[in-house]
Amino acid sequence: MLQVARWRIILVAVVTVLGLAFAFPNFLPQSARDNLPGFLPRQGINLGLDLQGGSQLLLEIDRAAMQRQQLDNVADQMAAVLRDAEPAIRYTGRGVVDDAARVRLVDPTQMEAARRLLRPLSLSSTGGAEILTFTEGEDGLIEARITPTHMRELSRQAAQQSIEVIRRRIDPTGTSEVTIVRQGDERIVVQAPGVSDPEMLKDRIGQTALMTFHMVREMSPEEAAAGRLPPGTMLVQPYPGGRGSGPEVVERRARFTGERLVRANPSTDGQTGEFVLSFQLDSQGTTLFCRITREFTGQRFAILLDNQVLTAPTINEPICGGTGQISGGFTAQTANELAVMLRAGALPVPLTVIDERTVDASLGQDAINSGTTASIIAGVVTFVFMVLAYGLFGVFACIALVVNFVLLIGAMSAVGAALTLPGIAGLILTIAMAVDANVIIYERMREEAQAGRSPALSIDAGFARAMITIIDANLTTILAALILFQFGAGPVRGFAWTLSIGVITSVFSAVLVTQLLIAWWFRIARPKQMPI
């Protein structure tokens, strides 16, 4: 052990220098950090929500809306199966009532045939699991209900999809270290450190941003206002600030949806100078949009955003280039926000804010001050104990402890980890744990020296005998920390992250750095007795 390999010396030197380089910017003012080379972190350690202050939202998916949406799809599927059968089975009364999708057979004697045709709809696409239950009435009524198990699965899927959409919506705002996790089957927790305005967060998350294209059915405003709408149509209101002149009667079925958008950016119209939304479709969307505009040239079609009319222009010629622009009386800000929403995609279901909290930054500063004081006290007590217990070797352990602290700060800065209040606890814990390895090594050395071995043999045997114990103890700790990180959330993950990095850096410093210092000392001092 006293013959330290060259690669170990180089490794300790390189890692320590890199740790200093990445930790040092945290102690500089922001103006100085802005002038640092590009490979060094220009931002200090990210502070978590509990330290920096910010907003937290607890969202819940609208289960009733999701169920209604699913039942609408089921009703469409039932109608399509009966309509496409050979021979077709006539039905009426397609719709959703309470928790059931229903159709009514015109000829109730065809119930057995309808039951056989609809049976595949009750099974999942992978087969086996039942997702629908059918009930039949004597007058030809067929009702389908979603099973509770499938509803729970749909809720989980909707929550997971919503998390991805929310993340795509928030990331462009530049909010760092935002935490978005699912809570249970139907709830989502959003924590945004540094965001002091929860209303902005709610507006950004809450918009549905579903863009659809519908053909306009021309009819007099009086008939529309009286509710005498043709079958398969609906009356929609104009989008606030949009180009729609008033309510429009449009086909209920969307001819095209915004899911085919691959790009949406704010821009300005070359002729009018107004802000517009430019978009580009994927190849399949380009083909479909070209076919629709060719089929309905000369007619009006309405562009709806969240079931409100943005604009309803006339199709003058087929649009087959896959690109276009939408004018809706936008400002630069609204055009940019709408582009972000469309790129992120629509939420699969509406979300309701059921809890909203803000954390005062002053509370975070108090926590930082308390954590700093605790860290200093923990460090001083550890230094004093090690020097009193092990003399010169205790000094080596203290130097290794300082290196460990520098590496810990540098590693957190390099990977952009967030420091939370439990993270400070983890930081202090690692300070205490950092000298554990040295205590184990030194006690083995002391035992060897008391057994009459020479200093060189005692040092070698001390490191050799202690290594298995050190690896075993720290391996179980880091496994526990990884499990916490995987299944925890928010501050718990911050604690696990700090603890994981701390375990790695403490083993590195306690074993390699201490070994290097003792080897150098031994070559210079050539002691006859162990100083511990």
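Colleague: Before we start, what does buried mean here?

Modeller: Buried means under 20% relative accessible area, exposed over 50%, and partly exposed in between, with a 1.4 Å probe and protein chains only. Keep in mind that this is a predicted model, where local features need pLDDT of at least 70, side-chain atom pairs count only at pLDDT 80 or more, and totals for chains, interfaces and linings use all residues. Residues are numbered from 1 along each chain as its sequence is written, and side-chain values use heavy atoms, leaving out hydrogens and water.

Colleague: Fine. What makes strand 15 largely enclosed by the rest of the structure?

Modeller: Five of its five residues (301–305) are buried, so strand 15 is largely enclosed. Phe301, Ile303 and Leu305 point one way and Ala302 and Leu304 the other, all of them buried. Strands here are DSSP E runs of at least two residues, helices are H or I runs of at least four, and both are numbered from the N terminus.

Colleague: How do you know that strand 9 and strand 15 pair?

Modeller: Two strands pair if DSSP finds at least two bridges between them. Strand 9 (residues 211–215) and strand 15 have five, in the antiparallel sense, with Met211 bridged to Leu305. Strand 15 also has three bridges to strand 16 (residues 308–311), again antiparallel, and there Leu304 partners Val309. Those two form a hairpin with two residues between them, and Asp306 in the turn has a positive phi of about 55 degrees.

Colleague: Why is Ser458 called buried?

Modeller: Its relative accessibility is 0%, so Ser458 counts as buried. Ser458 sits in helix 15 (residues 455–487) and, leaving aside residues up to four places away in sequence, touches Met445, Glu448, Ala449, Arg453 and Met530. A contact is heavy atoms within 4.5 Å.

Colleague: Why are helix 4 and helix 6 called roughly perpendicular?

Modeller: The axes of helix 4 (residues 63–84) and helix 6 (residues 148–170) cross at roughly 110 degrees and come within 11 Å. Angles of 65 to 115 degrees count as roughly perpendicular, under 35 as roughly parallel, over 145 as roughly antiparallel and the rest as oblique, so helix 4 and helix 6 get the perpendicular label. For the record, axes are lines fitted to C-alpha atoms, for helices over the stretch in contact, and angles run from 0 to 180 degrees between N-to-C directions.

Colleague: Which residues make that contact?

Modeller: Arg63, Met66, Gln67 and Gln70 of helix 4 meet Met151, Leu154, Ser155 and Ala158 of helix 6.
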